[in-house]
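Biologist: I have a protein chain to look through with you. Shall we take it piece by piece?

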Amino acid sequence: MGITLVFSLLFLSSLHGVSSNSRYLTSMFTFGDSYIDTGNFVIMATSSAPVWQDKPPYGMTFFGHPTGRISDGRVIIDFIAEQFGLPLLRASLQNSSDVSKGVNFAVGGATAIDVGFYERNKLVQFKLLNNSLDVQLGWFEKLKPSICKTAKGLDSFSKALFFVGELGVNDYSFVWSAGKTEDEVRSYVPKVVKKIVMAVERLIDEGAVYIVVPGNPPIGCSPTMLTLRSSVNRTQNYNYIGCLNDINRVARRHNSFLRVAIDTLRIKYPHTTIIFADFYHPIVSILQNPSSFGVADADGLRACCGGGGKYNWNASAVCGMPEVTACKNPSAFVNWDGVHFTEATYRYIAKGWLYGPFADPPILSVIRH
C-alpha cells in the first residue's frame with residue numbers, strides 16, 4: 001500500500017485548492033542542505049565533479065524527470081509551499097527573475113560551519129563546495145534588493161516563512177568519516193548549533209518574523225551510515241530497530257542543544273515566532289512500526305534506489321548511475337537513495353510540521369491560513 005496511502009485524506013485534500021484561502025503568508029525563503037535542496041547542488045557541482053542526482057530515476061514519482069531535488073519527487077518544503085498556495089521554490093542559483101514568492105538557497109552537502117574549517121583541519125580529503133550556511137545567507141543578502149523591489153517593501157519579510165535547516169548532518173558526517181570517536185563528534189554540537197543560532201538572528205535582523213528551525217534526522221538509520229560503518233560497529237551498538245546508537249546519540253544531542261537555544265531566542269525576540277521542527281521522531285515512528293505505514297519490515301532500513309547489499313547502498317553503484325535501478329513503488333520505502341528520503345516520507349514529515357505533533361508549535365497553529 002505504501003506510506004502515501006496511509007496518510008489521512010484530510011491532509012491530502014488540504015494540499016489542493018488552498019490558494020484562495022492562504023493569503024497571509026506571501027513567500028518562503030529556505031536555507032539548508034540536500035534534504036530541502038531543489039537544484040542548487042546540481043548547478044554548483046556539475047562543473048567540478050560527476051553528478052548523478054540530475055539523472056533518472058530522480059524525480060520519477062511526481063515530476064516524471066529529475067529536477068535537482070534529491071528524492072523521487074517532492075521534498076518537505078514543496079508540501080509546505082503547496083499548503084500555503086505558494087509556487088514550488090526555485091533554486092537560487094537558477095537566477096529566476098521572479099523572486100517575490102520566495103527562493104530556496106539550500107544546497108546538497110552544505111554545512112553549518114564554514115567548509116574551510118574542515119579542509120584546514122584535515123577532516124576531509126577532498127575539496128568541498130563553498131556552500132555553508134554563511135554562504136547561503138550571503139546569497140540572500142545579495143538578492144534582498146531584488147526581493148524587496150518585487151515584493152514591494154521590506155515589510156514583506158514579516159509575511160514570509162523562513163526555514164533554517166536542516167543543518168548539521170554533513171558537519172557530523174565529515175567528523176565521523178575522519179575516524180573520530182563519539183565524544184569527539186559530540187564536541188562539535190555546540191559549534192554547529194551556535195552557527196544555526198547566529199543565522200536565525202541575522203534573519204531576524206533582516207525582518208524575519210516566522211522562522212522554522214528543523215533538527216537532525218536519525219542518520220544512524222540511513223543505509224549509507226549502516227553500510228559504511230558496518231566494519232567498525234559491534235552488535236551492541238545497534239538498537240532494537242537496527243540503527244546505530246552512537247550516530248543517533250549525536251543527533252539527539254544536537255536536537256537537545258538546538259531546542260534549548262531556540263527557547264533562549266524566543267525570550268530574546270518575543271515578537272518573533274521560532275518553530276522547532278522535529279526531523280528525528282517522524283522517521284523513528286515509521287521504522288518502529290513499518291507495516292502500519294505500508295512499508296515491509298525487511299525494507300525499513302533499505303534504500304529504494306541503490307546498487308545492492310544488505311541496505312541496498314553501494315558506494316560504487318549509487319542511485320542515478322547507469323544500471324542502478326529503483327524500486328517499483330517508492331512510497332513503500334522510507335529511504336530513497338541511501339541518505340535522502342522518499343517523497344512519501346517527506347509528505348509525512350511535512351504533515352507533522354504543519355499540524356503537529358512533530359513541530360513546536362505546529363506551523364498552522366501560529367500562521368493564519
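Modeller: Start with a term: helices are DSSP runs of H or I with at least four residues, numbered from the N terminus. With that in hand, Lys 180 sits in the loop between helix H7 (169-177) and helix H8 (182-186). Note too that this is a predicted model.

Biologist: How confident is the predictor in the protein chain on average?

Modeller: Of the residues, 92% score at least 70. Residues 7-23 are another matter, with pLDDT below 50. Where pLDDT is low, the predicted coordinates should not be read in detail. For the protein chain, the average pLDDT is 92.

Biologist: Is Lys 180 buried, exposed or partly exposed?

Modeller: Buried means under 20% relative accessible area, and exposed means over 50%. Lys 180 has a relative accessible area of 31%, so it falls in between. The class of Lys 180 is therefore partly exposed.

Biologist: Which residues does Lys 180 contact, leaving aside neighbours within four places in sequence?

Modeller: Leu 123 is 57 residues away along the chain, yet its C-alpha atom is 9.3 Å from that of Lys 180. Contact is judged on heavy atoms within 4.5 Å. By that test, the partners of Lys 180 are Leu 123, Val 175 and Val 185.

Biologist: Is Ile 219 buried or exposed?

Modeller: Ile 219 lies in the loop between S4 and helix H10 (223-228). Its contacts beyond four places in sequence are Tyr 35, Val 169, Met 225, Ile 247 and Asn 248. Its relative accessibility is 12%, and the cut-off is under 20%, so Ile 219 is buried.

Biologist: Which residue is the bridge partner of Ala 277 in S8?

Modeller: Strand S5 (residues 273-277) pairs in the parallel sense with strand S4 (residues 210-214), over five bridges. S5 and strand S8 (residues 359-360) run antiparallel, joined by two bridges. In S8, the partner of Ala 277 is Ala 359.

Biologist: Which residue in S2 stands opposite Phe 29?

Modeller: Strand S1 (residues 27-31) and S2 run parallel. Three bridges join them. Opposite Phe 29 stands Val 103.

Biologist: At what angle do the axes of H9 and H11 cross?

Modeller: Two packed helices are described by the angle between their axes and the distance between the axes. The axes of helix H9 (residues 189-205) and helix H11 (residues 245-268) come within 10 Å. Their crossing is right-handed. The angle is roughly 35°.

Biologist: How many nonpolar residues are in the contact of H9 with H11?

Modeller: From H9, the residues include Val 193, Ile 196 and Glu 201. From H11, they include His 254, Phe 257 and Lys 268. The contact has one polar and three charged residues, and the nonpolar count is twelve.

Biologist: How many residues of helix H4 are buried?

Modeller: Helix H4 (residues 76-83) is mostly covered. Among its buried residues are Asp 78, Phe 79 and Glu 82. Gly 85 follows H4, with a positive phi near 70°. The buried count for H4 is eight of its eight residues.

Conventions: Residues are numbered from 1 along each chain as its sequence is written. This is a predicted model: local features need pLDDT of at least 70, side-chain atom pairs count only at pLDDT 80 or more; totals for chains, interfaces and linings use all residues. Side-chain values use heavy atoms; hydrogens and water are left out. Axes are lines fitted to C-alpha atoms, for helices over the stretch in contact, and angles run from 0 to 180 degrees between N-to-C directions. A crossing is left-handed if the near helix is turned anticlockwise from the far one by less than a right angle, and right-handed if clockwise. Ala, Val, Leu, Ile, Met, Phe, Trp, Tyr, Cys and Pro count as nonpolar, Asp, Glu, Lys and Arg as charged, and the others, Gly among them, as polar. pLDDT is the predictor's confidence in each residue, from 0 to 100. Two strands pair if DSSP finds at least two bridges between them. Buried means under 20% relative accessible area, exposed over 50%, partly exposed in between (1.4 Å probe, protein chains only).
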